[in-house]
Amino acid sequence: MGIFAPRYIRSFPFLMPPKSHPRRAILLIQTAFIGDVILATALLERLRQTEPNTPVDFLVRKGNEALIEQHPHVRDVLIWDKKNHKYRDLWRLLRTIRAGDYERVITLQRFASTGLLTAFSGAPKRIGFDKNPLSFAFTQVTPHLMGQGIHEVTRNLHLLYPESEAPLTPPRLFPTPPMRLSWLPM
């Protein structure tokens, strides 16, 4: 970005990525509900197919971590407790994300809170949907298309590869053992 960054970005140096060593890790952000996290696992599967050596971390809301913790494509799970000290925990997460030195931070949501985490992550590549109120600070913005028969998984995969019309990658779960058994009648 440097001197070619838009003036509003240069005005806020904390939006500029630090100039240091090469980065590789990706952070996916999906702090909505269980179904959204399940559908987001399709991105993990696609990343494993296209970038098998790239470490991927995943940020979820507290209560959804059991869906992701045992996923073989996830290096680390970050958890946001939105019910207790929501904003204090948001700032803690922002510090953690900035310290994570990510190459790409991808938010799958349109909310300001996840836009804030993405915009101020320090990552050179900050990716999200155009409907996010902080999308002006993203380096790659993807249209959030609704209707027209577009599945949520397809819409999310466009965050990774916006120009691609690759085949649909199905979500895949690796739940923790206690979660696998929780549905069994006692």
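Visitor: What makes α5 largely enclosed by the rest of the structure?
Guide: Seven of the eight residues of α5 are buried, so the rest of the structure largely encloses this helix. Buried means under 20% relative accessible area, exposed means over 50%, and partly exposed is in between, with a 1.4 Å probe and protein chains only. The residues of α5 that fall in the buried class are Ser-113, Thr-114, Gly-115, Leu-116, Leu-117, Thr-118 and Ala-119. Their cover includes β1, β2 (56-61), β3 (76-80), α4, β4 and β5. Cover here rests on contact, which is heavy atoms within 4.5 Å.

Visitor: What kind of model is this, and how are residues numbered?
Guide: It is a predicted model, in which local features need pLDDT of at least 70 and side-chain atom pairs count only at pLDDT 80 or more, while totals for chains, interfaces and linings use all residues. Residues are numbered from 1 along each chain as its sequence is written, and side-chain values use heavy atoms, with hydrogens and water left out.

Visitor: How many helices and strands does the chain have?
Guide: The chain has seven helices and six strands. Helices (H or I, at least four residues) and strands (E, at least two) are DSSP runs, numbered from the N terminus. In sequence order the pattern is α-β-α-β-α-β-α-β-α-β-β-α-α. Of the 186 residues in the chain, 48% count as buried.

Visitor: Why is α4 called roughly parallel to α5?
Guide: Helix α4 (residues 86-99) and helix α5 (residues 112-119) pack at about 30°, and their axes are 9 Å apart. That makes α4 roughly parallel to α5. Angles under 35 degrees count as roughly parallel, over 145 as roughly antiparallel, 65 to 115 as roughly perpendicular, and the rest as oblique. The axes are lines fitted to C-alpha atoms, for helices over the stretch in contact, and the angles run from 0 to 180 degrees between N-to-C directions.

Visitor: Which residues of α4 and α5 meet?
Guide: On the α4 side they are Leu-90, Trp-91, Leu-93, Leu-94 and Ile-97, and on the α5 side Ser-113, Leu-116 and Leu-117. By class, this contact has seven nonpolar residues, one polar and no charged. Ala, Val, Leu, Ile, Met, Phe, Trp, Tyr, Cys and Pro count as nonpolar, Asp, Glu, Lys and Arg as charged, and the others, Gly among them, as polar.

Visitor: How do you know whether Leu-93 is buried or exposed?
Guide: Leu-93 has a relative accessibility of 1%, so it counts as buried. This residue of helix α4 is in contact with Leu-59, Leu-78, Ile-79, Trp-80 and Leu-117, leaving aside neighbours within four places in sequence. Leu-93 and Ile-79 are 14 residues apart along the chain, and their C-alpha atoms are separated by 8.3 Å.

Visitor: What makes α6 largely enclosed?
Guide: Helix α6 (residues 152-160) has seven of its nine residues buried, so the rest of the structure largely encloses it. The buried ones are Val-153, Arg-155, Asn-156, Leu-157, His-158, Leu-159 and Leu-160. Among the elements covering them are α2 (34-50), β4 (104-107), β5 (125-129) and β6 (140-142).

Visitor: Why is α2 called oblique to α6?
Guide: α2 and α6 pack at about 45°, with their axes 9 Å apart. That makes α2 oblique to α6. The residues of α2 in this contact are Leu-39, Ala-42, Leu-43, Arg-46 and Leu-47, and they meet Glu-152, Val-153, Asn-156, Leu-157 and Leu-160 of α6. Together they divide into seven nonpolar, one polar and two charged.

Visitor: How do you know whether Gln-30 is buried or exposed?
Guide: At 2% relative accessibility, Gln-30 counts as buried. Gln-30 sits in the loop between β1 (26-29) and α2. Not counting residues up to four places away in sequence, Gln-30 touches several residues, including Asp-36, Phe-58, Val-60 and Leu-108. Gln-30 and Val-60 are 30 residues apart in sequence and 5.4 Å apart in space, C-alpha to C-alpha.

Visitor: Is His-85 buried or exposed?
Guide: His-85 is exposed, because its relative accessible area is 52%. His-85 is in the loop between β3 and α4, and its phi is near 55°, a positive value in a residue other than glycine. Most residues other than glycine have a negative phi. Asp-101, in the loop between α4 and β4, also has a positive phi, near 55°.
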